[in-house]
Amino acid sequence: MAIVDMRKLLVYATKNHRKAVLEFLQEIGAMEIDALDSKDLDYEIPFEKMDTSGERVRFQKIADEMDYVINLLSKYDTEKKPLLNLESKQIPISEFRDIEKNRRKIYSKVKDVLELERQIMESKATINRKEIKIATLSPWSKLDIPLNSEKTKATKIFIGTFPELLNNEKLFEYATEGLQDPIPVTAEILYCENQITNVCVIATNRVADQVEENMRSHGYSKLPFLSHRVPIKAIEKRENDIKIEKQKIKEAEEKMATYAQYISQFKIASDYFRTRSEKYRVLGTLPQSNKVFFIQGWVEAAQAESIAKILEERFDAVVEIERDDEAAPIKLKNNHFSEASEGVLESYGLPTHGRVDPTVVMSIFYVFFFGMMLSDAGYGLVMSIVCGIVLLKFKRIESGLNKMLRLFFWCGLSTTFWGFMYGGFFGDAIDVIAHTFFGVPETTQVLKPIWFAPLENPMRLLIYCMLFGLIHLYAGLAMKGYEYLKNKDIVGFISDIVSWYMFITGLVLMLVPSSIFASIAGKQIVFSPALVTLSKVLAIGGVVIILLMSGRANKNWGLRIALGAYDIYGVTGWLSDVLSYSRLLALGLATGVIANVINMMASMNGKSVVGVIIFIVVFILGHTLNILINLLGAYVHTNRLQYVEFFGKFYDGGGRAFKPFKTINRYIEIKED
């Protein structure tokens, strides 16, 4: 429950050490470098910045090309891979140095693969064009003369289309309208489909003009493309061209497959060039003169002295260490359990220096409420077992994913706990299986709840949900109070914290023995006269303090009391916040009801062989879908309870995450020899 203390390092070094200093800082990955404007430096030496955008973009482009080639060659990679691989490959630094030394040769192989892919794409484009042409020529395949034929010595040839479906008699009628016997015209339909008719009409020169005019009056249009080949010959040529292109593709793919053996080298080289791109990005932010350069950045306070010492001894640098909490980035440090919830907090916003880190308190309530919402022991065990196996199998998993899996592992344990408390194990699966397949009487309940069954007494659970919600809100108010005490603001602590504890607690104690609460709880609770009096004293005392002290920043007592009265109206917000915790009941009931329905549907065919098979299939599919849907619901609504209700009482975020300058390893992890 802490924010890591940060220190600002100001590093001055000679320009001949610039490359070595940057490589050292990038290798240790412990310093966030500020992008300073050279004008901000109060020195007589003219500091300027290099334009490194060209090199940065070039190295990033090479890394992107390698990523593309790695993905391209993956289908040819015959190396056996695990079904699930969440770890970067570990390599000795000597192997990395060897790849660094031969990076140009490796990049030439990448260019070879890209050229082969270009050839494949060109061949595929050619095939596509040829296939389109074949599709265009196929309707004319019955024609035994070239498509560009227009006339012979004694005749004219009309090759074209009509925008309707015709038969031979209708075509001949269209072409010969107004002609006298004998009619020197032949007409043939070549193709009919989709309201288009392809035709070939031949007429003697004497009547050719009349024939053409007749056909045009019925929508005839000339063939829009020409070919000096007979259609079937043109089709055969293009089919042969396609065979040639397919052979080219096959040869190129076979050659490309031989490069799959270099995938591991491409991955290492890709990370190398990506890291170099990042180095040049940072280099472009450094103020430099002809002989010296300047770096300003942030490191953890515990590492500041050791890093400064190395920079001074190894690179003859001058290092100053300063403290500036207002501008420092934020890095959280929590115990192993609470660390898993840091991603939830980061999604909302990091705290600023001097403020409280709510991760520890939030993590406890987060896991607690998540389990109440999912609330099925079977689902919880599945979650914890799956997450536990992944965490044990993949030790070097990426930090963010590691935290998320750990969070769901703990949420799974909480879900298991609440499932047994409510008597839910894949819904009522234990009872259904016992009654359906083992002859246990329907009146016998095999798995009994340790606490009580929410489906049988939902109002009782609703009361507990609101009680847990009130405790959660009180914890949020306590966090705010802690900040007041940390800043030694006793008046603020009493005015803004103690007063609300008194007011809300008094109202709750007044509500419990009321008829309204009795109608919800199903029984009347009676307090002693002393406790009744205490509740009224607490409520009135809290109201008075809020009324008089909430607007204490104003000296005008009229305005002060008006502001206090307005703050008292905020009790309605407390009411809505407490009611929000009814979602713990709603989601818990939803999980149980849907699970029970799935079990009922699965067991409808009895204990026959077919019934057993149907039960297994429906059980697996149904509960898989149910756990996924309700897992998402529990995650979303648990986050909401933290972000809106809990954080709303004290937290506003605003911190900037600590992002150290480091190597960017997408595929590999370097280990020292």
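Okay, let's start with a question: is Asp 241 buried or exposed? At 16% relative accessibility, Asp 241 counts as buried, where buried means under 20% relative accessible area, exposed means over 50%, and partly exposed is in between, with a 1.4 Å probe and protein chains only.

Quick housekeeping before I go on. This is a predicted model, so local features need pLDDT of at least 70 and side-chain atom pairs count only at pLDDT 80 or more, while totals for chains, interfaces and linings use all residues. Residues are numbered from 1 along each chain as its sequence is written, and side-chain values use heavy atoms, with hydrogens and water left out.

Helices are DSSP runs of H or I with at least four residues, strands are runs of E with at least two, and both are numbered from the N terminus. Lys 237, for its part, is partly exposed at 34%.

Glu 245 is buried, at 12% relative accessibility, and Lys 248 is partly exposed, at 43%.

How many salt bridges does the structure hold? There are 31. Another of them pairs Arg 640 with Glu 645, at 2.9 Å from N to O.

On to helix packing. Helix 12, residues 359-374, packs against helix 22 at an angle of about 45°, with the axes 6 Å apart. The axes are lines fitted to C-alpha atoms, for helices over the stretch in contact, and angles run from 0 to 180 degrees between N-to-C directions. That makes helix 12 oblique to helix 22, because angles under 35 degrees count as roughly parallel, over 145 as roughly antiparallel, 65 to 115 as roughly perpendicular, and the rest as oblique. Who's touching whom? From helix 12 we have Phe 369, Met 372, Met 373 and Leu 374, and they meet Arg 583, Leu 584, Leu 587, Gly 588 and Thr 591 in helix 22, contact being heavy atoms within 4.5 Å.

Helix 22 covers residues 582-602 and includes Met 601, which is partly exposed at 45% relative accessibility. Met 601 belongs to a nonpolar surface patch with Leu 455, Val 593, Val 597, Met 600 and Met 604, about 580 Å² of accessible area together.

Last up, some backbone details. The peptide bond from Asp 181 to Pro 182 is cis, with omega near -10°, and Pro 182 lies in the loop between helix 5 and strand 6. Asn 194 isn't a glycine, yet it has a positive phi of about 50°. You'll find Asn 194 in the loop between strand 6 and strand 7, exposed at 64%. Asp 316 is also not a glycine and has a positive phi, about 55°; its loop runs between helix 9 and strand 10, and Asp 316 is exposed at 56%.

Definitions and conventions
Patches are made of residues with over 30% relative accessible area and no salt bridge: like charges are joined within 9 Å, nonpolar side chains (Val, Leu, Ile, Met, Phe, Trp, Tyr) within 5 Å. Accessible areas come from the Shrake-Rupley method with a 1.4 Å probe; for residues, only the protein chains shown count as cover. A salt bridge is a side-chain nitrogen of Lys or Arg within 4 Å of a carboxyl oxygen of Asp or Glu.
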